[in-house]
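Student: I have a new structure to look at. Can you walk me through it?
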Amino acid sequence: MSERESLNSQLEHLQMRYVGTGHADITKHEWLTNQHRDSLSSFIGHQSFLSLFSIAENESVGRVKYNTLSKMISPCGPPPKIKDTMDLEKDN
């Protein structure tokens, strides 16, 4: 039992320390946004990715870097509207 508690406490520590690891109440949109931002930051950090994308898009490396940084603001669009539980009870 102590092994399980230790594992849970380690997981909680990682989730508090690193934003992208998620937590018990993370929504699908938040998780996808974290994944997309991680990917985009990796693309920016590796010159070979930027070169590949610039050749494929026929743009300069600087323009591709700027466009990728712009995508990081809202990579998955606005978050979906969440219905309140009280609203759901009223509908039934």
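Predicted model: local features only at pLDDT ≥ 70, side-chain atom pairs only at ≥ 80, totals over all residues.

Student: What should helix α1 span, and what are its end C-alpha atoms apart?
Tutor: Helix α1 covers residues 2-17, which is 16 residues. At 1.5 Å a residue, they should span 22 Å. The end C-alpha atoms are 22 Å apart, so the two agree.

Student: How many buried residues does α1 have?
Tutor: Zero among its 16 residues, so α1 is hardly covered; buried means under 20% relative accessible area.

Student: New topic. How many aromatic pairs are there?
Tutor: The count is three. One of them joins Phe43 and Phe49: ring centres 5.2 Å apart, planes at 65°. Planes over 60 degrees apart count as edge-to-face, so that is what this pair is.

Student: Which type is the pair of Phe43 and Phe53?
Tutor: Edge-to-face, because the planes are at 80°, with the centres 5.1 Å apart. Phe43 lies in helix α2 (residues 28-45) and Phe53 in helix α3, so the pair ties together parts 10 residues apart in sequence.

Student: Which residues form the aromatic cluster?
Tutor: Phe43, Phe49 and Phe53 form one cluster. Phe43 is partly exposed at 24% relative accessibility. Phe49 is partly exposed at 31%. Phe53 is partly exposed at 24%.

Student: Now the loop. Where is Asn58?
Tutor: Asn58 sits between α3 (47-57) and α4 (61-71). Its phi is positive, about 55°, although Asn58 is not a glycine.

Student: Is Asn58 buried or exposed?
Tutor: Exposed, because its relative accessibility is 70% and the cut-off is over 50%.

Methods: Residues numbered from 1 in each chain as written. Heavy atoms only, no water. Helix = DSSP H or I, 4+ residues; strand = E, 2+ residues; numbered from the N terminus. Buried < 20%, exposed > 50% of the residue type's maximum accessible area, 1.4 Å probe, protein only. Expected span 1.5 Å × (residues − 1). Phe/Tyr/Trp six-rings, centres within 6.5 Å; stacked < 30°, edge-to-face > 60°.
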